[in-house]
Amino acid sequence: MKPLVIGVGNDFAGDDAAGRLVARALAGAAGFDVAETHGAAADIVTLMEGRDRVLIVDACASGAAAGRLHRLDAGADDLPSWLRSVSSHGIGVAEAVALARVLGILPPRVEIWAIEGVAFCTGDAVSPQVQATIREVAGAIPAYLA
Amino acid sequence: MSDVTKRDKTIKVDMLARVEGEGAFKVEVKDNKVVHTEFRIFEPPRFFEAFLQGRDHSEAPDITARICGICPVAYQMSSVQAMEMALGIEVSQPIKDLRRLLYCGEWIESHVLHAAMLHAPDFLGYASALDMAKDHPDVVKLALEYKKIGNSIVSAVGGREIHPINVKVGGWWKAPPKAKLREVQENLKRALDMAEAFVDFTASLDFPDKERDYHMVCIEEPNGLYPMYEGTRLISNRGLDIPVTEFNDTFDEHHVKQSNALQGRTRDGGAYLTGPLPRWNLAYDKLSDRAKAAAERVGLGREVKNPYRSITVRAVESLYAVEEAIRLIEDYEEFDPASMPVTPRAGTGMGASEAPRGMLFHQYTLEPDGAIAKAQIVPPTAQNQPSIEEDLAEYIADILDRPDDEIQWLCEQTIRNYDPCISCATHFLDLTIERG
């Protein structure tokens, strides 16, 4: 099965849309599939199941500079607590990875690219730094997954 | 949580994990009595009501679908019905049947997600679905597999799994191919056993022995079906029976300081309940024979006032949704055109449907060119908020001498009875527990 890019986020909550905007920018790309989700663990687990390689793109708030890209390897790294805390509803990306691992269905290669955001309120615009990173990330993914 | 005295305490949780969105609650206890409860939610419909103003009527289903990641179909179904009333459009039966089928998919997805991953851990003493999965992997795997079959309906009918794009004012963009739905039907037949097993699982849990005499409200369908898609009337267990057009004459939204959502009450100020329990109590006879048999097998009577048993009601409703989807696909024939003609005009329309977690009401006023002059969205959780606060006060009254963490556990479990969809402004969250 092809690699899968999962864009996580909320379209109407400022920088939280980052993952989805990356996914949308990749629509129609060859060589990998693209999905979007608001970030419930159950959806992410289901999307990942059966894949060999998954790249999850999400927004985060770790306290770093806006627009910074954090690249994490779910297989090698203990996912940081700030990723857990920004994930959807307390049952988001980090929990999805942990849940898939417990159930024995975590794909061999799962990476998480988290874009540092600063504006997360309903109705906020995506901040310029995050917009720039969205473009960079969307530009880099096809070659990265090739 | 440090007790002010042994008899005074405040339990405050600023973020509830495992509810779909952001929420918080506070319970104040003085002299061993609950003196105040507060359930606070952060909810975006106000933003969306403003956001919709000036936009074209045709945008409402897609925009409102994004209010909630869990129940986009509900938002679409209430919005298209309201818009069609405003525009004077009567949609055909095949259009309605396909909408009901889409809704079945969402009920399965949402109910199974909530019951298995969010609520069951409360009953079994786990802090999260992840902890539960370590000891009960089979339950979680069953739930994920079962939920996926709900996803397959939404995907086949709605055009994609999340935020379906095939719904439009007037009908559908395209009627899905019959062959594709037949494939989904095969999955659904396979899901029947999962659905039965899931009912049995939820019924095996230990339920707190608590109940109240709720004012239960749900929609009534014009065709005798179990309430789901077409809310032409609103009924209650206290004799309410009104057309949906009289919603605002009967119910009122109050602003309360602790919440940016408006709280729904009846015009005389009373709390009321929407969701699985009202549907069950008001429409039990409309369930399928198999759903009723499953309920009887697990000892769930036709009258359920214990809100903790809502987890089993959800499981039986999911079984019903599986059967209903099989039936709708069995009768399905492709239709063309997929939509009724839509001509913009000035008007006002109302629509109500049963989101998995309760009744969702929309009202729109349109300008002559079809632009939205005014939008009103009343989600189920806003309507249930006063009931949640009353539950918190009453259900913990007899355990105030227990350790705080035990009280907090029951509070959270109680709130999750409502599957509160307080779909958040963002998925950024910050959990703090203050004691004082």
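Where is the place of Asp419(B)? Asp419(B) sits in the loop of chain B between α13 (404–416) and β14 (433–435). Helices here are DSSP runs of H or I with at least four residues, strands are runs of E with at least two, and both are numbered from the N terminus.

A word on the model. It is predicted, so local features need pLDDT of at least 70 and side-chain atom pairs count only at pLDDT 80 or more, while totals for chains, interfaces and linings use all residues. Residues are numbered from 1 along each chain as its sequence is written, and chains are lettered from A and ligands numbered from 1 in the order in which they are written.

Back to Asp419(B). Its phi is positive, about 45°, although Asp419(B) is not a glycine. Is Asp419(B) buried or exposed? Asp419(B) is buried, because 29 other C-beta atoms lie within 10 Å. The cut-offs: 20 or more is buried, 12 or fewer is exposed, in between is partly exposed, with C-beta atoms placed from the backbone.

Next, the domains. An automatic or database assignment sets the bounds. Chain B has domain 1 (9–43 + 384–435) and domain 2 (45–383). Their C-alpha centres lie 24 Å apart. In chain B, 25 residues of domain 1 are in contact with 36 residues of domain 2. Contact means C-beta atoms, placed from the backbone, within 7 Å. On the side of domain 1 of chain B that touches domain 2, α12(B) gives the largest share, 8 residues.

Last stop, a peptide bond. From Asp336(B) to Pro337(B), the bond is cis, with omega near 5°. Pro337(B) is in the loop between α11 (310–330) and β11 (347–355) of chain B.

Terms used
Two residues are in contact if their C-beta atoms, placed from the backbone, lie within 7 Å.
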